[in-house]
Amino acid sequence: MCSLNFTTEYRSNAEHMSPSGIVPFVQVGPFSVSEFDPIVTFVNTKGHNLSSDLNDVQRAEMKAYIALIENVLGNAEQFLSWAEASNANDVSKPRYGSVFPWPLNMILPWRKQLAEKQRLKALGWLEKSYEQVCNEVKTCCSALAEKLGEQDFFFGNNPTELDAVMFGHIFTLLTAELPSPRMAEIISQFVTLNAFCQRVEERYFAANPGVLSDLLPMKQSHFA
């Protein structure tokens, strides 16, 4: 969205290369920056700011919606990946361990699941039922759809950081092939959000086949 040149490289140890242990991360010269807010801040220091035209009230509103997405959709993704038994056993564990030799391909997915469950428990998400998580996602999507309305983007004709976060999470939930498809079915009910994802994909990825091909494996991967 900032029209910056970049390349995507896959590494089996990317999670351990990241400064915070979270992927993806960006490497610019000697700098490695991970997680959304630090990456946005780093890009802003280079003179690229998608929300520069927003006023203070709009920026505060944007940050509130970003927090909503991260707290609900982000945690829902991790719940689906590691706490929902069928997804964890049939999808996340085999694919997380697929790049490692035996016995690491058995040990590391187990450790990853344990760590994610502990994090979810601390946030109060591990005790939720699958139905409760689905209801959380539905409520979140309803609020986002109301904010988006009939606009191309959340704050008019041009995207902001909110649109970037929104696309990343909604696109992932819509396209991931999981044994339990309920989440994608819920999101599919929100026509404007689906149209939004298609619009972003066509505008920012269809013109760059290399980037688009990098996105396509998300349809068959666990949530990272």
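This is a predicted model: local features need pLDDT of at least 70, side-chain atom pairs count only at pLDDT 80 or more; totals for chains, interfaces and linings use all residues.
Trainee: Why is E35 called partly exposed?

Mentor: E35 has 35% relative accessibility. Buried requires under 20% and exposed over 50%; E35 therefore falls in between and counts as partly exposed. E35 is in the loop between β2 and α2, and its phi, near 75°, is also positive. Most residues other than glycine have a negative phi.

Trainee: What makes K147 buried?

Mentor: Its relative accessibility is 19%. The cut-off for buried is under 20%, so K147 counts as buried. K147 is placed in helix α6, residues 130-148. Beyond neighbours within four places in sequence, K147 is in contact with E61, Y65, F154 and F155.

Trainee: Which residues of the largest nonpolar core touch the most other members?

Mentor: Of its 39 residues, these are L73, L144, F154, L162, M166, L193 and F196. Helices α3, α6, α7, α8 and α9 each supply at least two residues of this core, and the largest share, 9 residues, comes from α3. With neighbours within four places in sequence left aside, M166 is in contact with I69, L144, F154, L193 and F196.

Trainee: What is the omega of the peptide bond from W102 to P103?

Mentor: Omega is near 10°, and this bond is cis. P103 lies in the loop between α4 and α5. The bond from V23 to P24 is cis, with omega near 0°.

Terms used: Residues are numbered from 1 along each chain as its sequence is written. Side-chain values use heavy atoms; hydrogens and water are left out. Helices (H or I, at least four residues) and strands (E, at least two) are DSSP runs, numbered from the N terminus. Buried means under 20% relative accessible area, exposed over 50%, partly exposed in between (1.4 Å probe, protein chains only). Contact means heavy atoms within 4.5 Å. A nonpolar core is a set of buried Ala, Val, Leu, Ile, Met, Phe, Trp, Tyr and Cys residues joined through side-chain atoms within 4.5 Å.
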